[in-house]
Amino acid sequence: MRSPQSLLFSRMNIPSSLSLSSQERCSSPLINVVHAIEIYSLRVNCRVTSRFAHTVITSKIINRANESREATFEVELPKTAFITNFSMSIDGKVYPGIIKEKASAQREYDAAVSQGQSAGLVKITGRKLEQFHVSVSIAAASKVTFELVYEELLKRQLGLFELLIKVRPQQLVKHFQIDVHIFEPQGIRFLETDSTFMTNELTEALTKVQNETKAHILFKPTVDQQKVNPELDETLLNGDFLVRYDVKRVATAGDIQIVNGYFVHYFAPQEMPVFPKNVIFVIDRSGSMAGRKIEQTREALLKILQDLRPEDHFSCITFNNKVSEWKSALLQATAENVASAAGFVQTIMARGGTDINHALLTAVRVLDKAERLPEQSVSMIILLTDGQPTSGESKVEVIQENIQKAVNGKYALFCLGFGFDVSYNFLEKMALSNGGIARRLYENADAALQLQGFYQEVATPILMKIEMRYPENAVEGLTKNNFKLFFEGSEIIKSGAVLMVSFLPLQHGSDLTLKEEANVKEKEQVFQNQSYIFGNFIERLWAYLTIQQLLEKSISAQEEQQKALEARALELSLQYGFVTPLTSMVVTKPTGQQQTELANKPTEAGKWVLNSPLGMCGC
């Protein structure tokens with residue numbers, strides 16, 4: 001998966017008395033002023049153990065001015081990550097962040113605001129990243145050390161795991177280092193590094209060492225290697241640093257790993273036949289899609305149609321306040337039918353309202369009456385829309401109920417929301433209630449590639465109705481164990497606690513049955529004497545995965561069940577020290593400054609705002 005990791009820059013905020021615009025703050029006459037706050041050390045240490053990544057980012061700063069200055073620490077981290085710790089150390093005194101229940105933390109923040117103080121939040125910075133931001137005033141010649149820790153479970157997509165480290169220090173750094181350790185007991189099948197800013201000189205600062213199960217990537221450029229050219233004190237380090245890898249697999253019921261009484265089970269069968277698809281594309285052509293959006297949609301659909309397999313069946317439906325069908329039935333993806341559908345796609349014009357309810361019910365009707373489909377095939381609906389329902393049925397609760405009743409568990413519904421005018425809550429709940437997922441498409445130049453990329457993820461279903469079974473007396477606290485679909489290039493992850501047994505039998509249900517038996521003692525010995533492994537990582541992985549699944553399940557749950565799910569997720573968030581949508585981190589600063597900062601975890605469906613008057617310079 002593409003798992004954007006982090007990195008960060010620290011800088012001085014321009015004093016408000018100068019009243020400069022963002023553009024003026026970035027101009028060359030201010031370079032020396034900005035570097036009065038000097039980052040003399042910036043390190044990213046990441047340990048990936050069986051997909052679970054533990055990242056520590058440390059920035060050390062000195063104020064070389066002869067007066068107090070404000071230093072800002074900004075880190076871009078994956079949306080899927082949970083912050084677990086943050087601290088500031090100023091002249092030897094440590095100011096830690098404390099994770100609390102969100103309402104309790106908000107009360108503390110409100111009290112601070114009423115006393116004239118301010119607070120900062122985590123906020124969005126892109127389709128895969130969110131930004132942690134904190135500022136502190138430091139005296140002349142004083143030093144401050146910022147440290148942020150977060151954890152995440154890497155997700156396999158299109159056959160790879162990916163760490164994406166965002167590098168943007170905005171100045172030359174004397175001690176700069178990215179240090180990544182990977183340990184995969186299954187064995188490392190593939191490993192590569194990549195970067196958007198790499199030069200021949202910087203390549204010399206990159207080392208990669210790999211054996212059967214371990215890899216070590218170190219990027220440690222000198223100041224001279226960081227320079228754009230020898231004459232300018234400008235840094236080349238501005239872009240993405242990537243590590244991609246995959247693990248070795250055999251055709252069994254998966255791999256199980258056990259540490260300190262907790263297990264994780266990875267399942268990703270190889271070389272399985274691909275099920276034919278019965279897919280209906282439901283495309284919004286309302287007025288708000290006019291211009292670049294509809295052009296990118298047409299471009300992506302034309303390429304997706306070419307990717308259909310001959311054994312697939314498909315149809316296309318477009319809608320505004322009226323619904324138009326390419327054909328009233330599913331047709332096989334022959335060259336002739338694909339060419340006909342491409343002609344239909346090229347005529348799509350954007351105007352009118354948005355009748356999502358009628359469009360989706362039409363798609364369900366087409367699937368319901370389909371005949372002569374392959375006996376073993378997967379039926380799905382892919383909806384693309386950029387707005388709210390404005391025509392026909394406009395109440396989202398009624399639409400959700402109508403679609404769930406019509407689908408009735410027979411098909412998978414995937415909802416793609418184009419831009420930020422769409423009601424993502426509505427799409428996400430509707431998708432999760434009908435065996436699919438929701439995804440936001442960003443209005444960038446690569447929007448067509450985003451749509452094609454999503455289709456590639458769901459284009460190759462190889463298993464249906466997967467159930468992972470374990471004896472009741474062998475495990476407890478299991479994460480999700482039923483999966484509607486499994487796509488080639490992805491991975492199912494299951495975790496729980498192991499009770500006092502010597503062997504853990506595993507079985508996968510469905511028409512295909514795979515069985516495995518794990519020797520608990522042998523599995524536990526795999527992780528002995530691994531110096532860079534954090535010992536309780538599988539227990540933390542279990543907690544992370546459980547929280548993620550509880551929060552996802554709560555989206556489509558009824559009110560009473562939703563409260564129970566959120567209460568359990570909150571309990572685990574506090575127990576394991578994760579900043580989740582239900583918790584916040586309270587950061588205190590030295591007396592006399594704006595003392596309380598509040599870090600909340602944003603959600604894709606929520607409003608992404610900076611709850612602080614702190615100035616943000618986009619340079």
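Helix α11 gives the most to the lining of the largest cavity, with 3 residues. This is a predicted model, in which local features need pLDDT of at least 70, side-chain atom pairs count only at pLDDT 80 or more, and totals for chains, interfaces and linings use all residues. Residues are numbered from 1 along each chain as its sequence is written, and side-chain values use heavy atoms, with hydrogens and water left out.

Start with the cavity. Rolling a probe the size of a water molecule over the atoms shows where empty space is left. Here a cavity is a set of points on a 1 Å grid over the protein atoms alone where a 1.4 Å probe fits but cannot get out; lining residues have an atom within 4 Å of a point. Points are joined across faces, edges and corners, and a volume is the space filled by probe spheres set on them. The whole structure holds 4 cavities of 30 Å³ or more. The largest has a volume of about 60 Å³.

Its lining includes Phe281, Leu301, Leu384, Phe454 and Tyr455. By class, the lining has 10 nonpolar, no polar and no charged residues. Nonpolar here covers Ala, Val, Leu, Ile, Met, Phe, Trp, Tyr, Cys and Pro; Asp, Glu, Lys and Arg are charged, and the others, Gly among them, are polar. At least two lining residues come from each of β21 (277-284), α6 (292-307), β25 (378-385) and α11 (447-458). Helices (H or I, at least four residues) and strands (E, at least two) are DSSP runs, numbered from the N terminus.

The buried residues of α10 pack against β25, and their other partners include α8 (356-368), α9 (396-407) and α13 (537-555). Helix α10 (residues 424-432) has 7 of its 9 residues buried. Buried means under 20% relative accessible area, exposed over 50%, and partly exposed in between (1.4 Å probe, protein chains only). Among the buried ones are Tyr424, Glu428 and Leu432.

Now look at the backbone. Most residues other than glycine have a negative phi. Asparagine 408 has a positive phi of about 55 degrees. Asparagine 408 sits in the loop between α9 and β26. At 59% relative accessibility, asparagine 408 is exposed. Lysine 465 also has a positive phi, near 50 degrees. Lysine 465 belongs to strand β28 (residues 461-469). Lysine 465 is exposed too, at 67% relative accessibility.

Finally, the whole chain. It has 14 helices and 35 strands. Of its 619 residues, 55% count as buried.

Conventions. 1 Å grid on protein atoms, 1.4 Å probe; cavity = no way out; pocket = protein on both sides within 12 Å on 5 of 7 lines; lining within 4 Å. Contact = heavy atoms within 4.5 Å.
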